[in-house]
Structure formats: structure tokens, C-alpha cells
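Welcome! Take a moment to look over the structure below, and then we can walk through some of its strands together.

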2 protein chains.
Amino acid sequence: MTTDPRQWLPAAGVDWTDEADVVVSRSIDRSGWPPSGVPAAVVFPRDAADVRRTLRLANDARTPVVPRGAGTSLTGASTAGTGTVVLDLGRMNRIVALSPEDATVVVEPGVITADVDRAAAGHGLRYAPDPASHEISTIGGNIATNAGGLRCAKYGVTRDSVLGLDVVLADGRQISTGATTLKSVSGYDLTGLFVGSEGTLGVVVRATLRLRPAPLATTTIAASFADIATAAAASVAVTGARVQPVIAELLDEATLTAIDAAQGTSLRSRGAALLILQTEGAGEADLVAAVLREPAVAVEVSTDGTDLLAARRLALPSIERLGRPLIEDIAVPRSRLADAVLQIAAIAERHDVPICTLAHAGDGNLHPIIVTADDDLARRTAGDIFELALKLGGTLTGEHGIGTLKRPWLGRELGPAAHALQRQLKDLFDPYGILNPGKAI
Amino acid sequence: MTTDPRQWLPAAGVDWTDEADVVVSRSIDRSGWPPSGVPAAVVFPRDAADVRRTLRLANDARTPVVPRGAGTSLTGASTAGTGTVVLDLGRMNRIVALSPEDATVVVEPGVITADVDRAAAGHGLRYAPDPASHEISTIGGNIATNAGGLRCAKYGVTRDSVLGLDVVLADGRQISTGATTLKSVSGYDLTGLFVGSEGTLGVVVRATLRLRPAPLATTTIAASFADIATAAAASVAVTGARVQPVIAELLDEATLTAIDAAQGTSLRSRGAALLILQTEGAGEADLVAAVLREPAVAVEVSTDGTDLLAARRLALPSIERLGRPLIEDIAVPRSRLADAVLQIAAIAERHDVPICTLAHAGDGNLHPIIVTADDDLARRTAGDIFELALKLGGTLTGEHGIGTLKRPWLGRELGPAAHALQRQLKDLFDPYGILNPGKAI
């Protein structure tokens, strides 16, 4: 039998509450996944010592703890059920130090991602990862899911920008991983192990992030195509022309139709697929435009990024007007991208449910957005999409993580031996299974 | 008591030998570190099944196994002592598949690194990591040490180019990690855990690597400076000008003097420090040259890479004429680079031993090369350099790994809790400690 956490929480010396409205607000995330009940309490640590004391006592009492940033998870990773304690890291939101010479920044987990980028911009630098949620999600949450974003095509995912971490383990001990240097191979890569572990191995209380030079100039190119296959092939041809775009976004016919309906635009009439690319190097945009001109039906070039990316930005708000969106997230080898979009359209037809597909074409990462209020239909449709991802040699998740939503499928992707090893890793780091139970693996 | 491996090796159905000259040749690497004795045998697997059978029997017999690529380790990671079985992966050297559309290549561990790059070049692509040993070292060895190279400044280390691995575990089971896609967050990042683990967690039998577009044009810039501090500051100023050089190599006074003596050049007379940068984007070279012109005493620009990088390439052969080189490998925050070079010069003076320092300035990764045939002096001097790295907030190794050489120092860098966790990881993956014992952690 477990103790009611409210018995040991006073001894932790941290701010906490069991007020119903606060507790309920911290039990859900943006996945729409319903928690099993109501958490016992929400803790608001102000520093690493608060986290250490809370975890030590929770571990002793075998209380499940759900670490939480801004709760923007799309997979149920931040949902918290009956009897849990939510560790809300929102108050640990300081940018501790930024070194322009080292091109590094040290942050607490509750810092909003876009704020890190803005702080870097003051020094001619940027924090490259830009998940769509970057104005509302936290660095801690981005690290927990190894978040991606539009600029991944060139700069990689969150993992590629994390140099080192301070982590509190399940039993309250604190360790440092990685280094403050841009390279290090001292010992096993624990940093990479914590990144993407969805709060199931430890709680990040500080991170050293790598910054990159901000680009001198950016050019955006939008090209319409008669069909998705031609658009996907054109995207691959850009790499063949030896250019690495920063952004390569592909919008399918259903998405263009949704945008036109909501915004009064006429994107669909130009072609059934829209590819939006952004380049940074001087001269690269000309090369890209030259590659696209023949296969495309229309090409626009802008040195002001805002205009041509508007369609991409407006996609989700437009789709939301059609009904409740379930945003999926699979990745396939880039050569299977068109195949994937077409087969997703076939799944939509089979289930008679609208699916709009956006893709980070540079990485083969697709976001099929299933539009329905019917949970069961959504889940069955998503299941077919996961099946498709594995059939095409792809993965269940490119950048959103496993959460609760994809957990039943994970074993299929990993295989029994690797899955067993992952569970053993979890047991090693968290013997009593108190950290975000039921998530990630 | 352990069994003589020659008793169980016939049952493994693999090519093996205990011929003295072969066994001795596989007992050493390029570190100069003496093995404890002579291995019992060398196994030459031809495929993953050979590796699985060998490890299963070795695990049952508790025989220590030393996986080996080309034996180019500089830290003793490939040395094999009394009673060990060396697993020489040199015959597993096929490039299995290269997909230009996916920008990926699947390779066996024994492939020479430069051969992967050459195969990619045929498709306008490149394999970015380029350790100095790339013409003689293998991909398997590069993965084992998370090898770096000159182009890390822009493209990162080996880890940043490894998408997925097939790994045989200590007990002979085989797992797949990561994905064949450019992004995936399904489960914990086992790929990153195996990269840099120096063959102590498992044996890589296949790797899926990421390729990048080959650059359209490359420009090299060489700038001489009156002193190392000005050169290091100029290197940082380049990033401040929003340019990410591909290569940023810094050569100190002792190195320039050695090159001049060996090659009849007059580099030292131009300045006490030489910075060689390479850029890829059009226009970037002009920006870099503009930044360097004021602080430098001389700046040369070449659109033909070979000429200006010659000094860097000739550095090690020139230093070797002074005596036996021990190539060290520390990294410090970039802002401490000049400090590090100057304090290394002070260490050289204190021990009365020549030290020539080369640095990958973009990453703050220094290679102090200690020139002496006196093992004890070399070790004491290296000890002071490790101490310095930790004092400056740096790391014991940027890209060569821990091996046997730096093992006594590792606990200092990791701290007791993280070090203990690393040992527990090792025990989880390899309960009987058969994989490359005495290395890495």
C-alpha cells in the first residue's frame, strides 16, 4: 500500500498544492489523452535542491512522479493519473549564463524555448531547434522528447544541441552528464540517454546547450506541384544539387484545401502539393530554384521568410476548423515520402476520415493530422498509420516521442531483445518505477 | 579458472589463428601502450553470425574479447593482453547499400572510413567525419571512439552521422538500435550509448550512416598571428561574424618551428601562430578574410584547399622527426583555448620536454603532442595536461576516447555518482565483463 503523498510532502520543504483546479490543470496535456484520475498534488520546485528532496522522499514512499514542463506533449507523456505527484518545473526558468565566445548557454528546464533563441539572437547566435510549439513549450520538455522542428533539416534535433545535463535521479542523487565543451568522449553518453527519455530516467534540472551562428541572410522558395510524388522527388533533387536547405516543408492536397477554405487563399488551384524551402547560404536559393523550375508548376522566391512560410504556419489553425485534430508523427526513409503520403490518403479513404499531411520533407518526417472527435476511429486510423510507417522501414515517431499513445506499438519497432534491454535500463535508473510510469517504453 | 579459448574456438565455426606473429601484431595499437602479454588467439569473423557464435562461446567460457578495427587507437583501447581473444573485424568490410535519395549508407564495421566518403562522392554526397586516420582507420573503430576530425567544426562528430546500428551483445544476442530514418525517438537512445563505448558494451556488426551534400566550392584561408591569444580570439570572432567554418585549425609556435625545420618552410617567421580556416558557402570566405585582416599579420586565401592545409597535414610527420610523439587530446570551452595553449607551453618548460600543440579551434579541442621516448616523463607530462583540462572546465578527451591511458583520470571528470552509474551500465550490458576489459570506464 502506498502512502498518501500529502503525508510526506511537508517534509520536502517545497511549494506544493492539492487545490482541485490546479491539480486537474496539471493532469492533462495537448494529446487529448485522458489521465486515469486526479494527481494527489502538484509540486513547484524553485531549484535543484527542491527536486532532490522531493524525489528522495517520493522514492522512499514509492510515489509516482510526473515531471512536467508546459504540458504541450502530443502523446500523453505529461498526463498524470490517480495518486501521482506532478513535478511542475515551470518556476525553474532562468537563463543562467550565455557565453558568446563559447557559443553555449546554460538554462534551467522551465525556460521557454523561443526565449533561449531570442537571448542568443542578441549575440548573432541562434538556438537552432524550433519545434512548432517553441513559443509555449519548455527546454525541459524539448529535451524529454528530443523535439525536432522545421530547421532540423540542416541543424538536427534537440539532441544535437545538448552538450551536457544536470540530472536528479529517481533516488534524489544528482549527476552531471556530458561536458561544457563542444566535444567530449569521456565515458558513456548518458546525455543522449536522458534526451528523449520522457522523464522516465531522471529529471533534468539544468542543461548546457550549443548555439550556432545566426544566418546572415535567408531566402524562402515556395513551389507548387501537380502531385505529391513530383514534389517529394523535387525535394530529394535539391540535396542532389549539393544544397542543404534549412527548412523543407511539404503540404499535401488535403492540407492545401483546408487552408484555402479557412484563409480564402487559392493554393490548391496552383497544384496538389506545395513545397516550401528555406536556404541560408548566398547563391543557394538560385540553385534550389533552378532545380525546382522544371518539375514544378509554379515557383516563388522571397528573401523575406515570413510571406512564403505563412501557408505552413496557417495549416494547423486551418485544419482545426474542420474538427478536432490528432497530430501524428511518423518518419520514413526520404525515398518513401511520396509513397507514405499517398498511402495515408488511402487510409483516410478507407476509414472515411479526413487526414491532412504535413511533412518535414528533408527528414522524411510526416505529420498526418487525423480530424475527428471519435476517439476510437482516431485510434484505429492512427494504428494503420503506425503499421504503414513500420512497413516502409520507418519509425513510430520522428520528434514527438512515444508517450502513452504509441506504447503498445513500441515493441514491434524495437524487437524483443532491444525492448528487453530498454526495460532493464529503466529498472537500473529507477528501480521502484516512480518516474513517469506508463510512458515512453 | 578460465578455459584456454583454443578449446572452444573450433566449435565457433570461425576462421581463427594462434600463430605467434599474427597474435602479436593484433595485441598492440598506435598508442605505444604495452599490452600485459600475448592474446590466446585472433578470430576473423566474416559476418554477424560469426560474431554471435564467437561471443556466445566466449561469454560461456568467460574469455575476455577485444574487438579490433585497424588498431589505430591512440589511447590503448585496442591493446589485447594475456589470455584474450582478439575479434579482428577487418574482413567484414562491405559497403552493403548506398541510397542517394535517402542520403544514407549501410556499412560493415571493417570498411575504411575514407572509402565510405569516396563511395558517397560518386553521388554528390559526403561522409562528413574525417579523423586524421581516415585513410587507415575503420568505421567500426570510429564508432567505438566517437571519432572527430577536422570537419567537426561544422558537421559534428561520428555520433552525429550514425543513424542506427546492428550490435551483438556480450552473450551473443543481436539487436538493432536507432532507425534507418533521419529522425527517430522510439525508445531510449541506445545508438548514442554504443557510439564512443570503445567495444565495452557490444560489437557493432553493421551501421547505417548519414551522408551530407558535398559542398559546391571550398575556400581555404590561412592567417598568421603575432601570438596565440590573438589567433584564438580571431577564430572566435569568425563565429561572431555569423559564419560557421567547416575547418578551423590552429598551430602553435612549437609546431610551426618543427614544420619549418623538417620542410624548409618559413612559417614561424610570419608569426607565432597559424590559423587555417575552410569555408563552403559562397561569400563566406570574404567575410572570414575581412574579420582576420586586422588582427592577423598575414592572410592568404585559396580556392584550392590543398595548398594552405599542407602545413596542418605536414605537422605530425614534422614533429615525428623530433622524436617519439605521444598525441594527447583534451577539449576546453572555446573561450579558454589560448589560455590552454599557453599553459601547455608552461608545462613543457616545467618538464623540459617539447610539446607541439595543434587545435581544432572551432571546437576547443587541443592535441598537445609530447615528444619524448621516456614513458614515465610522457605520463607525468600528460597528467599535468589532463589536470589543466579539468581546471579549465574542459574534458579529458575530445575525440580519441579514454582507452587505458586516461582511465585513472575518468572518475575525476565524471564525479562518483555518474561514474558509478556508468559502471552499472557496463554490468548490465556485459555481466561477466568479457568485452574489452580494462578500457573506457
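## Terms and background

A residue is called buried when its relative accessible area is under 20%, exposed when over 50%, and partly exposed in between, using a 1.4 Å probe and protein chains only. Helices (H or I, at least four residues) and strands (E, at least two) are DSSP runs, numbered from the N terminus.

This is a predicted model, in which local features need pLDDT of at least 70 and side-chain atom pairs count only at pLDDT 80 or more, while totals for chains, interfaces and linings use all residues. Residues are numbered from 1 along each chain as its sequence is written, and side-chain values use heavy atoms, leaving out hydrogens and water.

## A covered strand in chain B

Let's start with strand β14 (residues 273-279) of chain B, where seven of seven residues are buried. On one side lie A273(B), L275(B), L277(B) and T279(B), and on the other L274(B), I276(B) and Q278(B), all of them buried.

Two strands pair if DSSP finds at least two bridges between them. β14(B) pairs in the antiparallel sense with β12 (residues 219-225) of chain B over seven bridges, and A222(B) stands opposite I276(B). With β13 (residues 247-251) of chain B, β14(B) has an antiparallel pairing over five bridges; here L250(B) faces L275(B).

## An open sheet in chain A

Over in chain A, five strands form an open antiparallel sheet in the order β5-β6-β10-β8-β9. β5 (95-99) and β9 (174-178) of chain A each have a single partner strand, so one side of each lacks a neighbour in the sheet.

β5(A) and β6(A) (residues 104-107) pair over four bridges in the antiparallel sense, with L98(A) opposite V105(A).

Key: Chains are lettered from A and ligands numbered from 1 in the order in which they are written.
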